[in-house]
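Student: Please go through this model with me, one question at a time.

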Amino acid sequence: MKKMKVAVIGCGSIARRRHLPEYNAEENVEIVAVCDVVKERAEDMVNLYGGTAYTDYLTLLEDDEIDAVSVCLPNALHAPVSIAALKAGKHVLCEKPMATSIEEAKAMNEAAEINGKKLMIAHNQRFVASHVKAKELIEGGEIGKVYSFRTTFGHPGPERWSIDGADSWFFDKERAFIGAMGDLGVHKSDLMRYLLGEIVEVGAFVETKAKDNTDVDDNAVCILKTKTGVIGTLAASWSYVSGGDNSTVIYGENAVLRLEDDPEHSLVVQYKNGDVVKYELQKIQTNEAGGQQTTHVVENFVDCIANDTVPAVSGEEGMKSLQVILAALEANETKRVVEVEGERAVI
């Protein structure tokens, strides 16, 4: 079988810790190019994985041998670079949030359709073992009618793991657009859509309290309502100074599901009759010691190209998850509940 030739644009922490090692683990994939505006970073990755180092992504995209690219850049560059890559005939795996507006997201999806290429967004929460099992239990009727939920994603902040530390683009609004809501919140909006269906109304409080010298959000709490009437909260924060919280709790008619809420068991099911079932599943991915290191994102991206199937998290799905976050920002600004309707958020 001919090896798929891939390139990674952006050699920061997400490329180094996720994309490049996961591509390298794929038997039928060859890393042929990497790109970063900091030449030394690209050269460092070439020394580890091979290929050619670039400092200009447009020059990289001229290589007709490249089949697919990962876009691992600041948020504001996701759309323009992804669109350029799709137009150049490459399949694209783009980091989240996929864009900074619904208009950009739509343009990305249109570029993928017009050029006949795959566009996948790197939402890894759908592939976490506890989340997959929870979806199975919910859809199988195990917990009965779902009433409510709470989902949280917080950690001390990107300065702990970003390659640029406290000087990271994450804190620059021009390049990042949004902070914790784009870094963490959009993962959880995607997860809740995956587990419980479309979100139709959003209320939110979004603040900048924990970080100095930035005007991007670092702490947010949102109230979400699904199309089926399930209500719950979503928290995204860079203010969890003692460590991370990546948990979700779903409250149902017959049981409560606790996902990533127990240090030993990825999923705990507490039944109304008093029974408790504890699942020992593959741990959620984390940068900490002992955490699972494979997100399964690259694996699914490679598979959808090889088998010509719809990406597990398509551009359309990425756009819908982004839309929830944009609605939350609007809700905070207007101090009103925002209805998520069609492809845009309206009050």
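Tutor: Two strands pair if DSSP finds at least two bridges between them. Helices (H or I, at least four residues) and strands (E, at least two) are DSSP runs, numbered from the N terminus. This is a predicted model, in which local features need pLDDT of at least 70 and side-chain atom pairs count only at pLDDT 80 or more, while totals for chains, interfaces and linings use all residues. Residues are numbered from 1 along each chain as its sequence is written, and side-chain values use heavy atoms, with hydrogens and water left out.

Student: In which sense do strand β8 and β9 pair, parallel or antiparallel?

Tutor: Strand β8 covers residues 199-207, and eight bridges link it to β9. Across this pairing, V202 stands opposite L224 in β9. The sense of the β8 and β9 pairing is antiparallel.

Student: Which residue in β10 is the bridge partner of K225?

Tutor: β9 also pairs with strand β10 (residues 231-237), in the antiparallel sense over seven bridges. The two form a hairpin with four residues between them, and G229 in the turn has a positive phi of about 90°. In β10, the partner of K225 is I231.

Student: Why are the buried residues of helix α6 on the same side?

Tutor: In α6 (residues 129-139), the buried residues are S130, H131, A134, K135, L137 and I138. They lie on the same side of α6 because the arc they cover around the axis, taken from the directions from the helix axis to the C-beta atoms, is only 165°.

Student: Which residues does L257 touch, leaving out those up to four places away in sequence?

Tutor: L257 is among the residues that touch the most other members of the largest nonpolar core, which has 107 residues. Such a core is a set of buried Ala, Val, Leu, Ile, Met, Phe, Trp, Tyr and Cys residues joined through side-chain atoms within 4.5 Å. Contact likewise means heavy atoms within 4.5 Å. L257 touches A134, L137, I138, I143, T248, V249, I250, L267, V268 and V269.

Student: How many residues of strand β2 are buried?

Tutor: Six bridges join β2 to strand β1 (residues 4-9), and the two run parallel. In β2, V29 is the bridge partner of M4. Strand β2 (residues 29-35) is largely enclosed by the rest of the structure, because the buried residues number six of the seven.

Student: What is omega at the cis peptide bond that joins K96 and P97?

Tutor: P97 lies in the loop between β5 (91-94) and α5. The bond from K96 to P97 is cis, with omega about -15°.

Student: Is N213 buried or exposed?

Tutor: N213 lies in the loop between β8 and β9. Its phi is near 55°, a positive value in a residue other than glycine. At 80% relative accessibility, N213 counts as exposed.

Student: What is the relative accessible area of F177?

Tutor: F177 sits in the loop between α7 (173-176) and α8. This residue is not a glycine, yet its phi is positive, about 70°. F177 is partly exposed, and its relative accessible area is 27%.

Conventions: Buried means under 20% relative accessible area, exposed over 50%, partly exposed in between (1.4 Å probe, protein chains only).
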